[in-house]
Amino acid sequence: MRGIVWFRRDLRLADQPALSAACYECDEVIPLFVFDDPLLRSREFGAACVNFMLGSLRELAASLADRGLTLEWRRGEPVEEVVRAAQEWKADVVYWNRDYEPRAVIRDRQVQQKLKQMGVIVRTFKDHVVFESQEIRGSTGEPLQRYSAYRARWWAQWHTTRPTAISTPTSLTASKQAAMPPSGPLPSADELGYESLSPWIEPGERQAWKRLRQFCEGPLHRYGTGRNIPGSDGSSQLSPHFRFGTISPRAAILAALQTLRQKRGDRSRPDVLIWIDELIWREFFQQVLAEFPHVISGPFRRGVSPPVREPGHERDRLFHAWCEGRTGYPIVDAGMRQLKQTGWMHNRVRMIVASFLVKDLRIDWQSGERYFMAHLLDADVAANNGNWQWCASTGTDSMQGSRIFNPTLQSKKFDPEGLYIRRYVPELASVPTANIHEPHLMSLGEQEDARCRIGIDYPAPIVDHHQAREEYLRLSKQETVR
Ligand SMILES: Cc1cc2nc3c(=O)[nH]c(=O)nc-3n(C[C@H](O)[C@H](O)[C@H](O)COP(=O)(O)OP(=O)(O)OC[C@H]3O[C@@H](n4cnc5c(N)ncnc54)[C@H](O)[C@@H]3O)c2cc1C
């Protein structure tokens with residue numbers, strides 16, 4: 001039997017259900033990747049994300065080649081390309097791991113229908129999450145809309161089912177290679193229409209495991225506090241790996257839990273569980289997207305719309321300042337510049353800049369969501385949309401008003417020495433720690449000493465946070481009354 005394994009968000013060999021099943025069931029296995037031309041042309045994702053994907057694909061191709069197999073690739077409209085490949089290669093079965101994004105669901109349904117008409121079997125698998133949405137339900141079978149309830153059910157399901165990871169199939173060898181002309185070397189980012197760059201987080205399955213091991217040896221056991229300090233290496237930085245499936249969430253969770261059994265015992269148990277909670281948030285937003293696809297085009301809570309300023313020059317000026325990291329709020333500017341320079345941003349800072357855009361600047365959250373998608377290395381529709389809606393108080397677990405971050409207080413609390421700020425806002429590098437969070441309060445003499453003139457080298461705040469907060473709350477009440 002000849003099987004095609006269609007790789008998508010699962011660019012790895014270990015704990016890869018579709019690949020394992022194909023190796024077990026087929027005499028010949030053809031690994032396939034399709035570059036989705038319409039998606040690439042839409043520019044929804046940016047160069048950071050595309051280069052991470054390409055780097056991971058190159059490693060996947062090399063790992064397969066080490067075992068005597070060739071990664072075939074196509075470029076075009078995925079439904080047509082997969083169906084054509086199955087036809088040309090006379091495949092008996094096509095295997096893939098499921099994707100829950102609404103457009104992927106439609107795509108996969110179309111491929112499945114066409115293959116069925118051709119008499120080709122389709123086998124799909126759970127992979128991208130530990131539990132799919134139908135496995136975690138409320139008491140009457142309804143999808144859960146609050147994280148705390150979802151989390152409780154998730155853990156109950158974990159303890160009941162005890163998920164395991166599967167290793168790289170040993171039968172993955174040259175004997176499975178089908179005789180056919182290879183597709184040739186993978187395209188470069190330039191050939192796909194994107195700038196070529198080295199991703200700030202190294203791509204590929206090997207790097208994912210290396211990073212996970214490093215994280216499990218140290219930062220994981222301080223995660224409860226470390227995760228909030230943007231100037232430190234306190235979080236795993238595995239998000240692009242989860243996004244492209246260079247590591248599976250099952251394997252990562254099992255590795256984290258394993259550290260408790262090995263040496264650390266109960267002391268760091270809370271830290272390990274807090275980290276797993278973040279992966280549960282990831283699954284929660286995947287299920288929100290799968291069960292409530294309307295979130296793609298509007299608020300989760302229908303009818304809720306945060307007050308936004310009128311379109312026009314002032315709105316555009318403020319949005320531009322936010323994108324460029326020139327708001328006069330150092331922590332916001334450091335975050336936005338980190339995003340532009342590296343394609344990544346610390347989670348705490350993502351929350352601060354999102355709150356600032358929506359609540360201080362009163363700009364629609366969808367503009368921020370799109371900007372993040374186009375710049376993030378880990379750009380993921382479910383996580384990005386879910387978190388933007390959380391910050392804008394339009395989503396699940398929403399709290400209007402009370403979730404307005406004070407950027408200065410956040411900065412003082414989580415970057416007290418200004419290490420993170422100085423790294424990404426070099427014009428503030430010589431500003432004393434006492435002034436780093438509010439450089440505009442420096443006297444002219446102090447500005448001279450710090451070689452940072454406010455309004456010239458670094459902007460004064462583009463809005464006054466306290467006034468902006470009052471205005472937002474006043475307008476929100478009007479919105480609610482209406
Ligand atoms: C406005 C906004 C937009 C975001 N957009 C994205 C996005 O496009 N892609 C993305 O992967 N994450 C997104 N996040 C979530 C979070 O910021 C990143 O997952 C996290 O910063 C990645 O760093 P890490 O790998 O070191 O995470 P860790 O702290 O080590 O957490 C482990 C993993 O859990 C998951 N995770 C952690 N926090 C969250 C969260 N709040 N929601 C969902 N999953 C989470 C990630 O897969 C992460 O790799 C966004 C957060 C905000 C506030």
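Trainee: Which domains is the protein divided into?

Mentor: This is a predicted model. The protein is divided into domain 1 (2-127), domain 2 (129-164 + 204-291) and domain 3 (313-476).

Trainee: What area is buried between domain 2 and domain 3?

Mentor: About 1,800 Å², with carbon and sulfur atoms giving 59% of it. On the domain 2 side, Asn 228, Pro 230 and Phe 285 lose the most area to domain 3, together 34% of what that side buries.

Trainee: And how many residues are in contact there?

Mentor: 21 residues of domain 2 are in contact with 19 residues of domain 3. The centres of the two domains, taken over C-alpha atoms, are 27 Å apart.

Trainee: Which side chains meet in a salt bridge?

Mentor: Those of Arg 146 and Asp 397, at 3.8 Å from N to O. The count between domain 2 and domain 3 is one salt bridge, and seven residue pairs are in polar contact. On the side of domain 2 that touches domain 3, α6 (147-161), α9 (239-244) and α11 (269-291) each give two or more residues. The largest share, six residues, comes from α11.

Trainee: New topic. Is Asn 51 buried or exposed?

Mentor: Asn 51 is buried, because its relative accessible area is 7%, under the 20% cut-off. Asn 51 lies in helix α3, where 15 of the 20 residues are buried.

Trainee: What does the side chain of Asn 51 reach?

Mentor: The backbone nitrogen of Leu 197, at 3.1 Å. Beyond its neighbours within four places in sequence, Asn 51 has contacts that include Ala 189, Glu 195 and Pro 199.

Key. Residues are numbered from 1 along each chain as its sequence is written. This is a predicted model: local features need pLDDT of at least 70, side-chain atom pairs count only at pLDDT 80 or more; totals for chains, interfaces and linings use all residues. Side-chain values use heavy atoms; hydrogens and water are left out. Buried means under 20% relative accessible area, exposed over 50%, partly exposed in between (1.4 Å probe, protein chains only). Helices (H or I, at least four residues) and strands (E, at least two) are DSSP runs, numbered from the N terminus. A polar contact is a pair of N or O atoms within 3.5 Å; within protein, one must be able to donate a hydrogen and the other to accept it, and residues adjacent in sequence count only if both atoms are side-chain atoms. Contact means heavy atoms within 4.5 Å. Domain bounds come from an automatic or database domain assignment. Buried area is the accessible area (1.4 Å probe) that two parts lose on being put together, summed over both. A salt bridge is a side-chain nitrogen of Lys or Arg within 4 Å of a carboxyl oxygen of Asp or Glu.
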